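Reader: I have a structure open on my screen and would like to learn how to read it. Could you walk me through it, starting with the charged side chains?

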Amino acid sequence: MIKKFSTVEFLKTPKKIIFEGGWVLTGQIFVTVVNLIGIRIVTEFLPAQTLGTATMWLGISVLLKNIFIMPLLNYQIRFYPEYVQKKKITAFNRITLRLIIWLIILSSLLFFIATIILISFNFILSGYVILTIVVLFFLVDALKSFYINKHQAERKQKYYALWLIVESFLTYTLIYVLISNFPSAEVYLLSMSVGTLLGIVIFRDYKINKNQTNEIHNLNIRDIIYEAKKFSLPFIPMAFLSWIMNLSSRYFIGFIGSTYEERIK
């Protein structure tokens, strides 16, 4: 028998709450420190324009994930407990992962074709190498989010924290080693992609419960798709709005800064 998922039962143990919360806090502190040190190192090797180019492409990759993948990821973590209780969680995970992979392929093709058209008409001044690396980062970042969701839904905060710690350390080690010799936006983005991929290889859950191997045929993928569409579609305009608000704040700050400099002159 599979033990039913119970948030209430999980929260009944104060020691467990403190232990899991301690892991999350430790992971967040470590990652914050590593990121601050890493960004400081990056600014020593990459010119501001190169770093700005890399940051822009990272932002575009995040937008792709927020529009095409995050709505389904929100569905995954929202309905995860229900499929555990139905004893169909292995099938749910496999179908959700399959849908995410299809969405990654579709959105990557659309993004790649649209960007190539913009480059050919000189609307975007960029190369095909960095475009390919951005698609790679989008792919591994989306897969990482799926497995991170799985760990969090199963209350595996220790693995979640260790994942963040190891990934951030490996990523910025790669960045330091590579951009110190090859300072470019492409190498920076490639380091981020490889670091994220290493985190997936090390920490994704390979184990399958033997009691759940026969449940895969008992779940209709069309029901999952219908349920996911109904739940996820409202999140898409929210992703657009969030991205626009983040960009507009940067432009607004830049405008204020330039106005202030003109007044000083």
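Author: Happy to. Keep in mind that this is a predicted model. By the rule used here, the count of salt bridges comes to four. The general idea is that side chains of opposite charge can pair when their charged atoms come close.

Reader: Which residue forms a salt bridge with Asp141?

Author: That partner is Lys65, and the closest N and O atoms of the two are 3.1 Å apart. This pair links distant parts of the chain, with Asp141 in helix H5 (residues 128–153) and Lys65 in helix H3 (residues 48–85), 76 residues apart.

Reader: Is Asp141 buried or exposed?

Author: A residue counts as buried under 20% relative accessible area. Asp141 is buried because its relative accessibility is 10%. Lys65 is buried too, with a relative accessible area of 12%.

Reader: Which residue does Glu167 meet in a salt bridge?

Author: The side chain of Glu167 meets that of Lys144, at 3.0 Å from N to O. Here again the pair links distant parts of the chain: Glu167 sits in helix H6 and Lys144 in helix H5, 23 residues apart. Both Glu167 and Lys144 are buried.

Reader: And how should I read the pair Arg40 and Glu44?

Author: Their side chains meet in a salt bridge of 2.5 Å, N to O. Arg40 and Glu44 are four residues apart in helix H2 (residues 14–45), so about one helical turn separates them. For exposure the cut-off is over 50% relative accessible area. Glu44 therefore counts as exposed, at 52% relative accessibility.

Reader: Let me step back to the overall fold. How many helices and strands does the protein have?

Author: Its secondary structure comes to nine helices and zero strands. Along the sequence, the pattern reads α-α-α-α-α-α-α-α-α.

Reader: What share of the residues counts as buried?

Author: Of the 265 residues, 37% are buried. The accessible surface comes to about 16000 Å², and 68% of this belongs to carbon and sulfur atoms.

Reader: Could we look at one helix in detail? How far does H6 reach from its first C-alpha to its last?

Author: Helix H6 (residues 157–179) has 23 residues and reaches 32 Å, close to the 33 Å expected at 1.5 Å a residue. Its buried residues include Tyr160, Trp163, Leu164, Glu167, Thr171 and Ile175.

Reader: Why does Thr171 count as buried?

Author: Thr171, in helix H6, counts as buried because its relative accessibility is 6%. To see what lies around a residue, look past its sequence neighbours. Leaving aside those within four places in sequence, Thr171 is in contact with Ser191, Met192, Gly195 and Thr196.

Reader: Now for the outside. Which residues form the nonpolar patch on the surface?

Author: The patch is formed by Ile101, Trp102, Ile105, Leu109, Ile113, Ile117, Leu118, Phe121 and Phe123, with about 960 Å² of accessible area together. One of its members, Trp102, has its place in helix H4 (residues 89–120). Trp102 is exposed, because its relative accessible area is 58%, and exposed means over 50%.

Reader: Thanks, I can now go and find each of these on my screen.

Conventions. Residues are numbered from 1 along each chain as its sequence is written. This is a predicted model: local features need pLDDT of at least 70, side-chain atom pairs count only at pLDDT 80 or more; totals for chains, interfaces and linings use all residues. Side-chain values use heavy atoms; hydrogens and water are left out. Patches are made of residues with over 30% relative accessible area and no salt bridge: like charges are joined within 9 Å, nonpolar side chains (Val, Leu, Ile, Met, Phe, Trp, Tyr) within 5 Å. Accessible areas come from the Shrake-Rupley method with a 1.4 Å probe; for residues, only the protein chains shown count as cover. Helices (H or I, at least four residues) and strands (E, at least two) are DSSP runs, numbered from the N terminus. Buried means under 20% relative accessible area, exposed over 50%, partly exposed in between (1.4 Å probe, protein chains only). The expected span of a helix is 1.5 Å times one less than its number of residues. Contact means heavy atoms within 4.5 Å.
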